[in-house]
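This briefing is intended for reading beside the sequence and the coordinates. Please keep both open while going through the points below.

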Amino acid sequence: MNAIDWEITLLQALLYAAAAPLLAGWIHKLKARLQNRRGASIWQPYRDLYKLFSKETRMAHTASIVFRAAPYIVFAATWLAAAAIPLLSTRLASAAMADVIAIAGLLALARFFLALAGMDVGTAFGGMGASREMFVSALAEPAMLVAVFTLTMTAHSTNLASVIDFNLQASSLLRPSYMFALAGLILVAVAETGRIPVDNPTTHLELTMIHEAMILEYSGRHLALMEWAAQLKLLLYGVLLCNVFFPWGIAVDTAPGALAGSLLAIVLKLLLLGVALAVSETVLAKMRLFRAPAFLNLALLLALLGLLSHVILEVGL
Amino acid sequence: MATHPLWWAGAAIGLALLSSLVSLFSARQPGVLRWLVSPLFALAGLSAVAAGLLALIDKDVATATLPLGLPWLPWQVRLDALAGFFLAVVGTISFAVGLYAPGYLRGFEGGDDSLPALGGFAGLFLTGMLLVVLADDAFLFMVAWELMSLTSYFLVVWHHDHAANRRAAFLYLLMAHVGALSILLDFGVLAALGHGFSFSAMRDAELSFGWATATFLLAFFGFGMKAGLVPLHAWLPEAHPVAPSHISALMSGVMLKVAVYGFIRVVFGLIGQFHWQWGVVVLVIGSISALMGVLYALMQHDLKRLLAYHSVENIGIIFIGLGLAILFLSTGHAVIGTVAFIAALYHTINHALFKGLLFLGAGAILHAAKERDLEKMGGLLRRMPWTGLFFLIGCISISALPPFNGFVSEWLTFQAALQAWQLDSGVLRSIVPIAAAMLALTGALAAACFVKVYGVAFLGQARSRPVRRARPVPLSMRLGQGVLAALCLLLGILPTFFISLLNAVPEGLLGHGLQQATSHGWLWLTPVSAQTASYGAPLVAIILLLVLVAGLWLFGRGIRRVRRCDTWDCGFSQPSSRMQYTASAFAQPIRRVFGLLFHIEEGLEGSQPDQQRYRLKVSDRAWGLFYLPVARLVERATRQVVRLQSGNIRIYLGWTLGTLLLLIWITV
Amino acid sequence: MSLEQLPLLQQLMLVLAAVVMFTSFVLLEQARLVAAIHAFAWQGVLVAMVTALVAAGSGLEHLFFSAALTLALKALLIPWMLHRLVRRLELDRHREPLRRPALVIMAALALVIFSYWVVTPLVAEELLFTRNIVAVSLAVVLTGLLMMVIRTQAVAQVLGFMSMENGLFLAAVSDTDGMPLAVELGVAFDVLVAMILFGVFFFQIRESIDSLDVDRMNRLTERVDES
């Protein structure tokens, strides 16, 4: 691990933070098009963040220091988790610092403080959002872990850079276990990032909110940090799915040419992912909360089938 | 001689006994309890820590024979790395409790309950635990075990004026003795096959597979009952809430660990062989305990009962680690087995720290607001900022979130489970990941539970008057909690240092340690190898801190000048504290999904709409499925035996005649 | 020997076998009859594809015919007949959700692990990968039988029975390179006749006990019923 690896890590972390609003803007634009509107420009989230940062921040009378500190902690934890996922190159120092279980742990830390912030203001909406968020994430956690297990049992490592290296070399397109793990992880990603059909990110009805209910009382720079963290989380899961299961194009060294090519590859993959997400959000409807367990049980079933396919079909040949 | 670990251990025991003796004087002078007994208790804890650390660093085994006991069976003590580790665990929590007690006990002065009893039995309790860990023969072990159980019974029943407390303490005593019986039988088998009651004789015993499994099962049953594994856990949620909070911290944080020590000593130390079937049994029961423990905890709204159920969950996690260790060691994968073993040990110290911290916090809330029911609390962070901070650290640690200590032990357990691909049997290769998935579910549910606890108790608005008027707690209570909170952070940030200390334990027991875990420097924790997995704990903590500081610096100018406003109320009138989510409401989605596992009765009482009350009762299915049938069986059996007591003196003489005839016939 | 060293055809067969296992789980859990029939149809398509792959790999011409027969029968004809039956019995909006879905899924997963454990000792060195497909086929058979036990609706039980047959067919095709054509045709016509008889019987059952809930047939015991 030398200085170059750390420089790549820093570059990648900055790129994550800079590009997260762009992915959100792209998905917004696509959904608008599918609904026969022109939609806001893809740069609109940047303007929104700038506006929020310059606005005044207000807090409720009942809010405490946890409410104030939560946006910073949520953003820091999400950003650190994102920085550990290879975006451009697998020569990444942060991947050795936080493996995929630590990434899940950091996201759990962010969620913990988000839920506490929801409970802090002492309103019914905040408590409702916190309760629902912890409920959905509790059911999603085993599915995610079993899908990760399938990956690690094949690649023999939890370090994401090693997993991607293995996938590149093995060209494992036709692995049944990976197919099932991918399907399971897609469902988990939809649940964790709060997209339709689990949660509607653009809803204005408080009783249908999960993520929005927890940040209902935030304003100004606090709200900006929370929104940015949510966008980072979406980008994080997108890069995880694209780079781990479809790793072609990612650089295995730190040559500038390889990095540029890798940037092009990931942009392409994320564009396609955006299209898929926009289409699925337009076609599906949000489920009521107590159908979410069925959804997440399907994710768990897929992940378990992936694991069993690996144990039965792929080993001992 | 002053640096010899046994000297410090002896000093610890002596100080504990002294604190017990001195508290006899506190009947007339309550201040004695605060100024003399508690500092002695804390010093005893400190000596135990010193003894433990020296034993871990020295890696020499120190033995001694005490001039007590039977003439042909003197008491032997032995301080090796395993005993040293557990001495350190016991000592740390005892030190924190000793710091905490003066402030806490001030609330009991002038009350009805006997102060000398509290101080006296607490000292004896500590002595018992220290002697159990140090014992090197079955006799001393059982005597110390009994001392521990009996003194803790008296401590649990200290508030003896409530009948419910007495019932809870009775259940505790009953189950402690059933467990002790099983342990005694276990030692009996080992002593018979090893021809001696000392542990060194038992270690040399030749055990066939059948006898080894019998000893294993007896040890698992006995120590598992004391540790609180499902379905033998029923005493835990009854006894722990009833005791005074600093005693609950000792029981939950330390006594359960002494049971884990007993299990490790017997299975890993004395029996000496491993079979994969044992590993599967321990793994399955550990997973079930972990999941059921956290689900039951989610349904509670009594803070101390909730914490007691979480102890069941964490003991389950420790046994998951031990089960994985047995599994891997029995199939020849020594390195991974050691990783799992170290994970279990790390979780032991972690749980002692954060559970102790949480119980001390619950005691602080009880002291300040006289309230144990979550549904009446709220907004305590404003009234008790330091307690709130330390309790938050405890909540984050127990939810296994980085950068605190709970995450490190869960990470190590997952790393051990993820090496399941090395096993030969396909069935085992499927079962281990399923157990790990249950562990993941447990972790997520624990986080949900502690968001509920912290959110309902400390955040939001107060839901009752005494809570609104809560006073901050005395310095000594804050100090005790602070020590534990600082240790939680330390064990989370510097895992490599603590694992290099812990390495002495598997080296002593299993013959090899985990060198490669720390071989890449103090920054990286690499349990199996650097390519497989690594965790840079200090780096994660530093980067999180850097980003936070950067954020504060960037937006620092606005910090003082944030204006306050009303919350969004959707157009309704002034939101009151009753409109907040209650603890039962928070857990409702989870209660609904996992409802089949409990016995839930809910309903509305009252006829007038504005006078209706919502009633919710969640009870443990284990009572109906396991305990009541066993109790009924025992009753039926005793009713048969009662027939022997006919009351007729001639029949009794007839029994005597029959026995005499039998004895004469046998001897002739 | 690892996964990447297998020829492409065999890798594809492994993928298809895994998806067949998934469809048997979907069949087990589906509450709506029409969706379950569609899942069964897809299962038939996948089994036909596996047969075609074996045919291409081994060069046995009659297997192509067998694949076409499976496709026509299992994926088109029988689902169409079942669909028509369901519409005539007015059951197409009928939903029968599982009462304890978590337990059922756990039982099905345990059956999969059990099948794997049973098949593992059957070692044939060159055919190790087909041994794995046999494990999957056994799992499909057992899951079909579980479906017949769990479901109370008679049409759903027929689907379970048919999916058992799918599993057996998959095992035969992958392990022994197919059965002789005569046996193939015989089995296919037997299944067709069974289907027709089922259709006739369902109307009879509904007329006599006014529903197709299999549990209601308890009335047909010798016991004197107080109802």
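The notes that follow are grouped by topic.

The model is predicted. Its largest nonpolar core has 442 residues, and chains A and B meet in a contact that takes 64 residues from chain A and 65 residues from chain B. Chain C is built with seven helices and zero strands.

- In soluble globular proteins, nonpolar side chains tend to be buried together.

- On the side of chain A that touches chain B, at least two residues each are supplied by β1 (58-60), α3 (65-83), α4 (93-97), α5 (100-120), α6 (124-155) and α12 (292-314) of chain A.
- The largest share of that side comes from α6(A), which gives 17 residues.
- By class, the residues on the side of chain A that touches chain B are 40 nonpolar, 16 polar and eight charged.

- Two packed helices are described by the angle between their axes and the distance between the axes.
- Helix α3 (residues 81-105) of chain B packs with helix α10 (residues 245-271) of chain B at an angle of about 175°, and their axes are 9 Å apart.
- Angles over 145 degrees count as roughly antiparallel, and α3(B) and α10(B) are therefore roughly antiparallel to each other.
- Residues of α3(B) in this contact include L82(B), F86(B), V89(B), V90(B) and I93(B), while those of α10(B) include H246(B), A249(B), L250(B), K257(B) and R265(B).
- The contact of α3(B) with α10(B) comprises 15 nonpolar, four polar and two charged residues.
- Chain B is assigned domain 1 (1-209) and domain 2 (632-667), and the centres of these two domains of chain B, taken over C-alpha atoms, are separated by 40 Å.

**Chain C**

- Along the sequence, the pattern of chain C reads α-α-α-α-α-α-α.
- Of its 227 residues, 40% count as buried.
- Among contacts in chain C between residues at least 6 apart in sequence, 71% connect residues at least 24 apart.
- L109(C) is located in helix α4 (residues 101-119) of chain C and counts as buried because 20 C-beta neighbours are inside 10 Å.
- L109(C) and G160(C) are 51 residues apart along the chain, and their C-alpha atoms are separated by 17 Å.

**Two buried alanines**

- A70(A) belongs to helix α3 of chain A and is buried because 26 other C-beta atoms are within 10 Å.
- The C-alpha atoms of A70(A) and L116(A) are 8.1 Å apart in space, although the residues are 46 apart in sequence.
- Aside from neighbours within four places in sequence, A70(A) contacts F113(A), L114(A), L116(A) and A117(A).
- A138(B) lies in helix α5 (residues 138-156) of chain B and is buried because 24 other C-beta atoms are within 10 Å.
- A distance of 8.3 Å separates the C-alpha atoms of A138(B) and L184(B), which are 46 residues apart along the chain.
- Aside from neighbours within four places in sequence, A138(B) contacts F187(B), A191(B) and F197(B).

**Backbone geometry**

- Most residues other than glycine have a negative phi, and most peptide bonds are trans.
- I196(A) and P197(A) are joined by a cis peptide bond with omega of about 10°, and P197(A) sits in the loop between α8 (176-192) and α9 (211-214) of chain A.
- The peptide bond from V230(B) to P231(B) is also cis, with omega near 0°, and P231(B) is in the loop between α8 (209-227) and α9 (236-242) of chain B.
- H156(A), not a glycine, has a positive phi of about 60°; H156(A) lies in the loop between α6 and α7 (160-170) of chain A and counts as partly exposed, with 18 C-beta neighbours inside 10 Å.
- A400(B), not a glycine, has a positive phi of about 60°; A400(B) lies in the loop between α15 (385-398) and α16 (405-418) of chain B and counts as buried, with 29 C-beta neighbours inside 10 Å.

Terms used:
Residues are numbered from 1 along each chain as its sequence is written. Chains are lettered from A and ligands numbered from 1 in the order in which they are written. This is a predicted model: local features need pLDDT of at least 70, side-chain atom pairs count only at pLDDT 80 or more; totals for chains, interfaces and linings use all residues. A nonpolar core is a set of buried Ala, Val, Leu, Ile, Met, Phe, Trp, Tyr and Cys residues joined through C-beta atoms within 7 Å. A residue is buried if 20 or more other C-beta atoms lie within 10 Å of its own, exposed if 12 or fewer, and partly exposed in between; C-beta atoms are placed from the backbone. Domain bounds come from an automatic or database domain assignment. Axes are lines fitted to C-alpha atoms, for helices over the stretch in contact, and angles run from 0 to 180 degrees between N-to-C directions. Helices (H or I, at least four residues) and strands (E, at least two) are DSSP runs, numbered from the N terminus. Angles under 35 degrees count as roughly parallel, over 145 as roughly antiparallel, 65 to 115 as roughly perpendicular and the rest as oblique. Two residues are in contact if their C-beta atoms, placed from the backbone, lie within 7 Å. Ala, Val, Leu, Ile, Met, Phe, Trp, Tyr, Cys and Pro count as nonpolar, Asp, Glu, Lys and Arg as charged, and the others, Gly among them, as polar.
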